[in-house]
Amino acid sequence: MGTNALEKELMPTGTDANLQNYEEAVRTAGWEKAAEHFTWFKTGKVNMVHEAIDRHVEEGKGDKKALLYTDGEREEEYTYSELSKLSCQFANGLRSKGIEKGDRVFIFMPRSPELYISVLGILRIGAIAGPLFEAFMEEAVKDRLQDSGAKAVVTTPELLSRIPVDELPDLQFVILVGGDEKGENIVTFNGLMNVSDEHVIEWMEREDGMLLHYTSGSTGKPKGILQVHDAMIHQYVAGKWVYDLHEDDVYWCTADPGWVTGTSAGMWSPWLNGVTNVLRGGRFKAEDWYKTLEKFNVTVWFSAPTAFRMLMASGNELPKKYDISKVRHILSAGEPLNPEVIRWGMDSLNRRIHDNWWMTETGSSICANFRCNPIRPGSMGKPVPGITMTIIDDDGNELPPRHMGNLAIKPKWPAMLPQVWNNKERYESYFLNGWFVSGDSAYRDEDGYFWFEGRVDDVINTSGERVGPFEVESKLVEHPAVAEAGVIGVPDPVRGEVIKAFITLREGYEESEELMVEIRNFVKTRLAAHAAPRMFEVRETMPKTRSGKIMRRVLKAWELGLPTGDLSTMED
Ligand code: ATP
Ligand code: MG
């Protein structure tokens, strides 16, 4: 363990970072202090949309660009005032159809301004928004709409057939973006918006729900995670300190709002910090992504390891064709960030990629590589000031540095889940000895950096050694032939488990006995003999969630011939 730590550190950058002194912030920061930023701290009137949008209008910044949209064809810009008005119209429309505080309204459609306006409109009247990724098929959509008891869904004519309205007793009506009205139960977005834009806002309690996100399904059946308005404190702090947003920044987070990163880091952190937010519709294409960075003069860019690996695969020449010089720094979350990707960021983009760790359940960034601290490649950094995080054993006792165990967080923090929808038992199962247990396995080094090792269930025990799949995978993708890697333990009568690596090859490489031996030796000599895979399988593609995470449980089920479990979130 700990070989990652041998990677060269990247020294802190910029004296202009919002967070200058990490240690001091840890000593002095508190969530209640951060709360002083908000208008409700004085008025007592709480609503996310007020703080994220209306407040900027009231403070005279209504003409500032809040949203820049492109999908290659459609191109639009919205100011904070415009978003405020449009979301008021949507909110008034929802009210006219009987939607009230606490009702769930789901959104099932591709990334577009209408999606963002819908979320804002729903929250405005105190209802709970549930964004669903557009690629879900009928069963997955039904599960989530049934579980949440959604009263209305915003969707497109193309996706309507995946909503089994007859099997959803709570569903009262559908709002179509595009297409035509069909009676009272299928209305159009434009029709619904055909009401006054009179200002409307429902004042909430800090602990009232605002979003219901279903988790990615990497480890099993997705859970409905509620998020409350109070999460804004955390999301504001993450925007300021982790993403280091400054007033003039143009920020682009590539995550889809169907996942927590797409709302927390894609909407709230930037808008609470009053910056200009970029939204790109359409599918991933390396050229289009570089073009988007250039076109909007993006200064802070947030994406995920899977996207970076796809950009890497598109070659080092491509980014040279675009002017991405305005980018100050890059952020990554959602999956472990291989040191190789950080190296690519330095070599190919000449920019730092700052990894930060969180989950749907945590609601915002928990642990991060801050600008004011050295980046240790392969490490997810240090806890956000205000967060207490540690490593515990299975009995809930804290472990000393360099011991692999359960990554755990001390409740409670503002963006923390207050419940799992319809599942009290599942909620309670997160807690052990006063800690929230993440389900991830990690260790801490002597300097307080945390190192992700894998999901707890994925940690491999081979010849008495615990091996985290992430470290092995990171080493594998350093080999020039390996594009992606997923590593599992396979039961073995002698060693307990042996390590099996599923890999995809880069263009120009062919599967062969010699190549596998070479790759095995590569890991053996650079990581450790016991951590080198004994079995290899070359695949065309990896089983991944629709949010881009490698599904090791599926690899394992295939390997062992076991049932694969819930596959609703798996890519086609
Ligand atoms: P499910 O809970 O349904 O199995 P999931 O855990 O993938 O799916 P999310 O809440 O979207 O659902 O993802 C959170 C998980 O993503 C974390 O528990 C962690 O395993 C992984 N993750 C997120 N950010 C990082 C990171 N920076 N480094 C390593 N892992 C990360
Ligand atoms: Mg999870």
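Modeller: Two strands pair if DSSP finds at least two bridges between them. Strands themselves are DSSP runs of E with at least two residues, and helices are runs of H or I with at least four, both numbered from the N terminus. The model is predicted, so local features need pLDDT of at least 70 and side-chain atom pairs pLDDT 80 or more, while totals for chains, interfaces and linings use all residues. Residues are numbered from 1 along each chain as its sequence is written, chains are lettered from A and ligands numbered from 1 in the order in which they are written, and side-chain values use heavy atoms, leaving out hydrogens and water.

Biologist: What makes β10 and β11 paired strands?

Modeller: Strand β10 (residues 250-253) and strand β11 (residues 276-280) share 3 bridges in the parallel sense, and the criterion asks for at least two. Tyrosine 251 has asparagine 277 in β11 as its bridge partner.

Biologist: What is the strand order of the open sheet?

Modeller: Its 9 strands run β2-β1-β11-β10-β12-β13-β14-β15-β16, with mixed pairing.

Biologist: Why are β2 and β16 said to stand at the edges?

Modeller: β2 (75-79) and β16 (382-383) each have a single partner strand, so one side of each lacks a neighbour in the sheet.

Biologist: What makes the approach of serine 218 to ligand 1 a polar contact?

Modeller: The term requires a pair of N or O atoms within 3.5 Å. A polar side-chain atom of serine 218 lies 2.5 Å from an oxygen atom of ligand 1, and one of lysine 549 lies 2.7 Å from a ligand oxygen. For asparagine 356, a backbone N or O atom lies 2.8 Å from a nitrogen atom of ligand 1.

Biologist: How much of ligand 1 does the protein bury?

Modeller: Taken alone, ligand 1 exposes 630 Å², and the protein buries 96% of that; accessible areas come from the Shrake-Rupley method with a 1.4 Å probe.

Biologist: Which residues surround ligand 1 most closely, and which element gives the most to the shell?

Modeller: A residue counts as near if one of its heavy atoms lies within 4 Å. There are 21 such residues, the closest being Thr215, Gly217, Ser218, Thr219 and Thr360. β14 gives the most to the shell, with 3 residues.

Biologist: Which helix gives the largest share of the lining of the second largest pocket?

Modeller: Helix α7 (residues 138-148) does, with 3 residues.

Key:
A polar contact is a pair of N or O atoms within 3.5 Å; within protein, one must be able to donate a hydrogen and the other to accept it, and residues adjacent in sequence count only if both atoms are side-chain atoms.
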